[in-house]
Amino acid sequence: PIQEVDPTVFDTRFLRKIDDLGEGHFGKVELCQYDPHGDGRGELVAVKSLKPNSKGQLACHLRREIDTMRELYHRNIVKYKGVCSEEGGRTTKLIMEYLPAGSLKDYLPRRKHQTDLKRLLQYALQICQGMDYLGSQRFIHRDLAARNVLVENESTVKIGDFGLTMSMKEDKSYYTVKEETVSPVYWYAPECLVDCKFYPASDVWSFGVTLYELMTYCESSPTTMLRSSEGPMTLTRLVEVLMAGRRLPCPPRCPDTVRELREVVSSAHQGCSLSLSLI
Ligand SMILES: CCc1cc(O)ccc1-c1ccc2c(C(=O)Nc3ccc(C)nc3)n[nH]c2c1
């Protein structure tokens with residue numbers, strides 16, 4: 001009988017590294033070609049693997065990410081392709097579709113003059129549609145930022161890098177942020193900074209910060225904009241700045257309609273996340 005081939009299982013013998021794409025929270029992402037016929041015409045894929053000698057807990061992070069990605073199907077979420085096991089199944093790699101245009105952070109500054117407000121709002125809408133689907137599957141992304149939104153083509157973007165994504169299936173209303181090695185604090189809502197609790201609404205806050213990046217063509221980083229003049233920014237100082245009501249400035253040439261959208265975003269965030277009243 002013809003042997004059933006599972007298209008989501010990739011054979012490490014045919015996976016050839018071509019380039020580095022980036023370093024994530026606990027893994028690295030590489031551009032590879034999967035060339036089972038050895039004719040150099042195999043497809044390009046993005047592969048996330050653990051950094052060498054990573055601790056066991058990191059392996060379970062990657063396992064969780066794989067289990068998340070295989071459940072998600074949406075036009076604005078990067079497609080899961082499969083896994084590749086090595087060393088007798090001891091190490092596993094996550095294989096995703098490769099988007100050749102990179103993230104919004106790479107793409108927008110280079111395409112500033114070909115990207116009008118309408119296009120920026122199309123991207124914003126698609127990010128919302130992807131995030132709305134993610135929320136409907138009871139996941140929180142926890143790392144929504146322009147660097148994690150990938151460009152399929154000039155009219156389509158997809159949410160990527162679900163390295164910090166958590167499932168809220170056990171009908172808990174929030175996820176307790178544990179010791180995060182490198183937390184994207186400038187994209188973190190106040191309740192995450194103060195309470196170490198991440199609610200679905202916390203992704204709404206991160207969307208607001210991502211909208212700021214969109215409207216500045218990713219040329220003005222929230223990290224620099226929120227840095228206070230009184231010396232190095234610490235977590236405590238960032239909380240003080242936010243509690244004092246300081247927010248990212250309205251980007252230049254950002255029309256009032258989008259500014260109002262920012263108000264909608266912050267009230268949507270305010271509406272849902274309980275502990276914000278403490279702020
Ligand atoms: C496998 C890691 C992952 C894990 C996850 O859970 C969701 C998405 C991804 C992911 C992350 C990055 C990419 C990329 C890319 O980085 N593409 C590019 C192209 C060109 C340039 C310059 N830079 C970059 N393409 N597909 C990607 C999928």
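Which elements each supply at least two residues of the shell around the ligand?

Reply: This is a predicted model, in which local features need pLDDT of at least 70 and side-chain atom pairs count only at pLDDT 80 or more, while totals for chains, interfaces and linings use all residues. Residues are numbered from 1 along each chain as its sequence is written, and side-chain values use heavy atoms, with hydrogens and water left out.

The elements are β3 (43–50), α1 (56–69) and β5 (91–97), each of which supplies at least two residues of the shell; helices (H or I, at least four residues) and strands (E, at least two) are DSSP runs numbered from the N terminus. The largest share, three residues, comes from β5.

Around the ligand there are 19 residues, of which Glu 65, Glu 97, Leu 99, Asp 161 and Phe 162 come nearest; a residue is near if one of its heavy atoms lies within 4 Å of the molecule. By class, the shell divides into twelve nonpolar, two polar and five charged residues, where Ala, Val, Leu, Ile, Met, Phe, Trp, Tyr, Cys and Pro count as nonpolar, Asp, Glu, Lys and Arg as charged, and the others, Gly among them, as polar.

A polar side-chain atom of Glu 65 lies 2.5 Å from a ligand oxygen atom. At Glu 97 a backbone N or O atom is placed 2.8 Å from a nitrogen atom of the ligand, and at Leu 99 a backbone N or O atom lies 2.9 Å from a ligand nitrogen atom. Of the 590 Å² of accessible area that the ligand has on its own, the protein covers 85% (Shrake-Rupley method, 1.4 Å probe).

Definitions and conventions
Polar contact = N/O pair within 3.5 Å; in protein donor to acceptor, adjacent residues only side chain to side chain.
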